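Take a look at the fold below, then read on.

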Amino acid sequence: MPHETVFVVDFGAQYAQLIARRVREANVFCKIVPFHRAFEAAKAERPKALIFSGGPASVYGEGAPRMDQGIFELGIPILGICYGIQFTAFALGGKVEKQEHREYGQAVIESVEPNEPLAGVGERTEGWMSHGDALTAA
């Protein structure tokens, strides 16, 4: 029987392996795919979901990671983390801005519209953040 797959799209995160391990611990097959190969791989393999990792770049920075925006037209659910959500917003016309002060440390995450990728997480959970940019308009 074929297994369902989730791709972790790696934008240079220090924790891409950790994300993949957590997905695998949920008994879901997971592959780490570099951002520059993600569109072609997703088009060919049709994973159940995509997780866009964080990374050290700013979406406005010179040489910032980019990928084919056709990935948003494949109809595959996407969870963006850090750079991943900033890239998604930037690519789809949102606004990301450099913040006056960096944020670093523990944070509370609130799920406004719970859905399948976040099933079982709860409406509020704690996470970790390290940011110099913020999504200011979707």
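## Aromatic rings

Ring pairs join Phe11, Phe35, Phe52, Phe72, Tyr83 and Phe87 into a cluster. Two rings of Phe, Tyr or Trp (its six-membered ring) count as a pair if their centres lie within 6.5 Å; planes under 30 degrees apart are stacked, over 60 edge-to-face, and the rest tilted. The structure holds eight aromatic pairs. One of them is Phe52 with Phe72. This pair is edge-to-face, at 6.2 Å centre to centre and with 70° between the planes. The pair links distant parts of the chain: Phe52 sits in strand E3, Phe72 in the loop between E3 and E4, 20 residues apart. Strands (E, at least two residues) and helices (H or I, at least four) are DSSP runs, numbered from the N terminus. Phe52 is buried, with a relative accessible area of 0%. Buried means under 20% relative accessible area, exposed over 50%, and partly exposed in between (1.4 Å probe, protein chains only).

Tyr60 and Phe90 form an edge-to-face pair too. Their rings are 5.2 Å apart centre to centre, with 90° between the planes. Tyr60 lies in the loop between E3 and E4 and Phe90 in helix H3 (residues 83-91), so this pair ties together parts 30 residues apart in sequence. Tyr60 is partly exposed, with a relative accessible area of 45%. Phe90 is partly exposed as well, at 26%.

## How to read the model

This is a predicted model: local features need pLDDT of at least 70, side-chain atom pairs count only at pLDDT 80 or more, and totals for chains, interfaces and linings use all residues. Residues are numbered from 1 along each chain as its sequence is written, and side-chain values use heavy atoms, with hydrogens and water left out.

## The sheet

In what order do the four strands of the open sheet stand? The order is E2-E1-E3-E4, and the pairing is parallel. Two strands pair if DSSP finds at least two bridges between them. E2 and strand E4 (78-80) stand at the edges. Each has a single partner strand, so one side of each is left without a neighbour in the sheet. From one strand to the next, the twist averages 20°. Such angles run from 0 to 180 degrees between N-to-C directions; axes are lines fitted to C-alpha atoms, for helices over the stretch in contact.

Three bridges join E3 to E4, which run parallel. Ile51 stands opposite Leu79 in E4. Helix H1 packs on the sheet and touches strand E1 (5-10), E2 and E3. The direction of H1 makes about 160° with that of E2. Contact means heavy atoms within 4.5 Å.

Thr5 lies in strand E1. Is Thr5 buried or exposed? At 12% relative accessibility, Thr5 counts as buried. Leaving aside residues up to four places away in sequence, Thr5 touches Phe29, Lys31, Pro47, Lys48 and Ala49.

Which residues of H1 are buried? They are Ala16, Ile19, Ala20 and Val23. Seen down the axis of H1, these residues fall within an arc of 95°, so they line one face of the helix. The arc is that of the directions from the helix axis to the C-beta atoms. An α-helix has 3.6 residues a turn, so residues three or four places apart point the same way. The buried residues of H1 pack against E1, E2 and E3.

H2 has its own buried set: Ala38, Phe39, Ala41 and Ala42. Seen down the axis of H2, they fall within an arc of 165°, so they line one face of the helix. The buried residues of H2 pack against E1, E2 and E3.

## Positive phi after the helices

Just after H1, Asn27 takes a positive phi of about 65°, although Asn27 is not a glycine. Asn27 lies in the loop between helix H1 (16-25) and strand E2 (29-34). Asn27 is exposed, with a relative accessible area of 74%.

H2 is followed by Arg46, whose phi is positive, near 50°. Arg46 is a residue other than glycine. Its place is in the loop between helix H2 (38-45) and strand E3 (49-52). Arg46 is partly exposed, with a relative accessible area of 44%.
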